[in-house]
Amino acid sequence: MEMLPLLACVLHATLIAAYPSGAPNRACPGLLPFHRGTAPQVTNAPYRIGVSSLQYTPNMPITVTIHADDQSLPFMAFLLQARVKGNNSTSVGQFSQPPVSTKLLTCFSSGDSITHSSAQPRVMLQMTWMPPTRDMGQIEILGTVAQSKQIYFGVLSSGALSFSGSSSPPAGTAEGAGMGGAATSPYTTVVTTLLSAALMTSCTLLMR
């Protein structure tokens, strides 16, 4: 029986040594760890990535949660990132206010990813993600969750988030353009020109 506590200590020390301070940048493209001789599990993952809303709006933060279905199977490490659905070449949005024992990671842009900063067992973890400032189409929160160095599940998805709300118009567009911020349509220009011509004609007749 005395071997059980010792075994637990050895196992925990091994996990800490495997990923003591978070996922490395080389894990960014595939969102998978580089553990030699290992591969993602093909069984159903006991972990889920959840979001507080399936719609994203500029400047409205979304809570992202990693949750263990079975509390006897805590996770030790993770890496999360938001990407446009079907496009694995870049990230979108930004994580903020990382919880204790987590940290922001710069993969493609500053703070676009989040990972653990120390390996410790967790059954739930909540993080804050800020959506992009414009409509990017459908977005997924993707990531890998590790139970141990040899056992990890990925790439997991939160499901698709759809855009909701108005985004800021690009500079130089009709909306908000010009000193007064109002756009002039071609119809308004024609009417203004005709009225000016009529007024000039009336003034000329009156002066004769």
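The model is predicted, so local features need pLDDT of at least 70 and side-chain atom pairs count only at pLDDT 80 or more, while totals for chains, interfaces and linings use all residues. Residues are numbered from 1 along each chain as its sequence is written, and side-chain values use heavy atoms, with hydrogens and water left out.

**Stop 1: strand β9**

Select residues 139-146. This is strand β9. Strands are DSSP runs of E, at least two residues long, numbered from the N terminus. Eight of the eight residues in β9 are buried. Buried means under 20% relative accessible area, with a 1.4 Å probe and protein chains only.

Now show the side chains. In a regular strand they alternate between the two faces of the sheet. Which residues of β9 point one way, and which the other? Ile139, Ile141, Gly143 and Val145 point one way. Glu140, Leu142, Thr144 and Ala146 point the other way. All of them are buried.

**Stop 2: the neighbours of β9**

Two strands pair if DSSP finds at least two bridges between them. Pick Ala77: its bridge partner in β9 is Ala146.

Pick Gly143 and look across to β10, where its bridge partner is Leu156. β9 and β10 form a hairpin, with five residues between them.

**Stop 3: the aromatic rings**

The structure holds three aromatic pairs. Rings of Phe, Tyr and Trp (its six-membered ring) pair if their centres lie within 6.5 Å; planes under 30 degrees apart count as stacked, over 60 as edge-to-face and the rest as tilted.

Select Tyr47 and Phe75. Their ring centres are 5.8 Å apart and their planes are at 80 degrees, so the pair is edge-to-face. Tyr47 lies in strand β1 (residues 47-51) and Phe75 in the loop between β3 (62-68) and β4, so the pair ties together parts that are 28 residues apart in sequence. Tyr47 is buried at 2% relative accessible area. Phe75 is buried too, at 0%.

Phe153 is buried, with a relative accessible area of 5%.

Finally, show the three residues together. Ring pairs link Tyr47, Phe75 and Phe153 into a cluster.

Definitions and conventions:
Buried < 20%, exposed > 50% of the residue type's maximum accessible area, 1.4 Å probe, protein only. Helix = DSSP H or I, 4+ residues; strand = E, 2+ residues; numbered from the N terminus.
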